[in-house]
Amino acid sequence: MRWNRNSGLSIGVVLLMVIVMAALLAPIISQQGQTEQPYRAEALTGPSTEHWLGVDGAGRDVFTRILYGARVTLGIALGATIIAIGGGVLLGMMAGMLRGWFDGVVIHIVDFLLAFPSILLGLVALTLLHPSPTSVAIAVGVASLPTVVRQVRAAFLSEGAKQYALAAQAMGASRWRIAVVEILPNCASLILALTALTLGGAVLEAAGLAFLGLSGQPDVAEWGMMLREERSAFRIAPWLCIAPGIAIAWTVIAFNLISDGLRKR
């Protein structure tokens with residue numbers, strides 16, 4: 001499928017690039033810091049030409065906090081995805097290749113963890129860690145791990161039964177050479193799609209944990225924390241919640257479109 005025919009993937013990439021560029025260029029786009037409160041006299045004022053997304057109750061420019069919040073949220077999602085994809089691919093590959101008792105232990109643990117909502121697993125993980133963005137990334141990564149393990153394991157079991165893998169085995173190739181050299185490249189499309197999907201899920205779960213007050217420092221601009229801080233003012237200043245909500249939805253939709261597009265390609 002050609003790139004220009006895969007409109008979903010193209011749209012997802014464009015949406016994601018907007019968020020990434022906004023995060024990278026935050027100090028240039030806005031000359032204010034994420035914790036500065038220079039507009040106390042204008043607290044809870046609506047969007048204007050000077051403040052595109054209004055001013056929150058503490059006198060901070062909402063647009064500036066959205067920009068800096070992209071850095072925190074994307075950083076958490078990236079860290080969580082590295083943990084989930086790295087650990088999930090390794091465990092799934094080992095389970096699919098070794099099989100036997102190891103595969104049985106892994107799949108039973110995965111099935112047990114999948115019986116619980118991922119947000120609940122994240123809460124359990126955070127109870128063992130000091131609340132901080134790093135802890136949220138670890139918790140979300142661990143909560144996303146079981147899904148990746150199951151998907152990768154199924155892919156290795158399927159690919160391992162195909163002729164090219166059996167031929168490599170008949171030629172005397174070791175089990176790990178077959179896994180890394182023969183099968184893993186044929187699972188690359190699945191892993192890429194899982195990576196994009198995990199990134200989107202991590203953004204949503206990180207925002208959910210932050211909304212519950214488990215992301216650590218309340219002064220850090222994080223989209224879920226912004227929703228938590230301003231939810232009490234929703235009736236009189238709804239834009240304070242709408243802005244971070246749109247940012248979360250924008251990012252999750254972008255990653256989901258990319259994941260679906262990669263799967264189709």
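Helices here are DSSP runs of at least four residues, strands runs of at least two, both numbered from the N terminus.

**Entry 1: the whole chain**

I'm working from a predicted model. I counted elements to start with and got eleven helices and zero strands. Reading from the N terminus, I wrote the order down as α-α-α-α-α-α-α-α-α-α-α. I then boxed the C-alpha atoms along the principal axes, and they fill roughly 75 × 45 × 30 Å.

How much of the chain is buried? I get 44% of the 265 residues. The chain exposes about 13,400 Å², and carbon and sulfur atoms supply 67% of that. For contacts with a separation of 6 or more, I noted that 71% join residues 24 or more positions apart. I also looked up the charges: there are 18 positive and 15 negative side chains, and the centres of the two sets lie 12 Å apart.

**Entry 2: helix H10**

Next I picked H10, which covers residues 223-230. Six of its eight residues are buried, so the helix is largely enclosed by the rest of the structure. I listed the buried ones as Trp223, Gly224, Met225, Met226, Leu227 and Glu230.

What do they pack against? I found four helices: H1 (7-24), H3 (62-98), H9 (188-211) and H11 (239-264).

I checked the N-terminal end of H10 as well. Glu222 caps it, with a side-chain oxygen 2.7 Å from the backbone nitrogen of Gly224.

Setting aside neighbours within four places in sequence, I have Trp223 in contact with Ile19, Ile66, Gly69, Ala70, Thr73, Pro244, Ala247, Ile248 and Thr251.

**Entry 3: the nonpolar cores**

A reminder to myself: in soluble globular proteins, nonpolar side chains tend to be buried together. I went looking for such groups in this model.

The largest nonpolar core has 39 residues, and Ile66, Val136, Trp223 and Ile248 touch the most other members. Which elements give two or more residues to this core? My list is H1, H3, H5 (118-127), H6 (133-160), H9, H10 and H11. H11 gives the most, with nine residues. Apart from this core lies another, of 17 residues, and I jotted down Val148, Ala165, Ala179 and Leu194 among them.

I turned to Thr81, which lies in helix H3. Buried or exposed? Thr81 counts as buried because its relative accessibility is 3%, and the cut-off for buried is under 20%. Leaving out residues up to four places away in sequence, Thr81 touches Gly86, Thr195, Thr198, Leu199 and Ala202.

With the residues up to four places away not counted, Thr198 touches Thr81, Ala84, Ile85, Ser144 and Val148. I had already met Val148 as a member of the 17-residue core.

**Entry 4: Val252**

Last, I looked at Val252, found in helix H11. Its relative accessible area is 12%, so Val252 is buried. Which residues is Val252 in contact with, leaving aside neighbours within four places in sequence? I found Gly200, Val203 and Leu204.

I also took one distance from here. Val252 and Ala210 are 42 residues apart along the chain, and their C-alpha atoms are separated by 16 Å.

Technical notes:
Residues are numbered from 1 along each chain as its sequence is written. This is a predicted model: local features need pLDDT of at least 70, side-chain atom pairs count only at pLDDT 80 or more; totals for chains, interfaces and linings use all residues. Side-chain values use heavy atoms; hydrogens and water are left out. Buried means under 20% relative accessible area, exposed over 50%, partly exposed in between (1.4 Å probe, protein chains only). Contact means heavy atoms within 4.5 Å. A polar contact is a pair of N or O atoms within 3.5 Å; within protein, one must be able to donate a hydrogen and the other to accept it, and residues adjacent in sequence count only if both atoms are side-chain atoms. A nonpolar core is a set of buried Ala, Val, Leu, Ile, Met, Phe, Trp, Tyr and Cys residues joined through side-chain atoms within 4.5 Å. Accessible areas come from the Shrake-Rupley method with a 1.4 Å probe; for residues, only the protein chains shown count as cover. Lys and Arg count as positive and Asp and Glu as negative; His and the chain ends are not counted. The place of a charge is taken as NZ of Lys, CZ of Arg, CG of Asp or CD of Glu.
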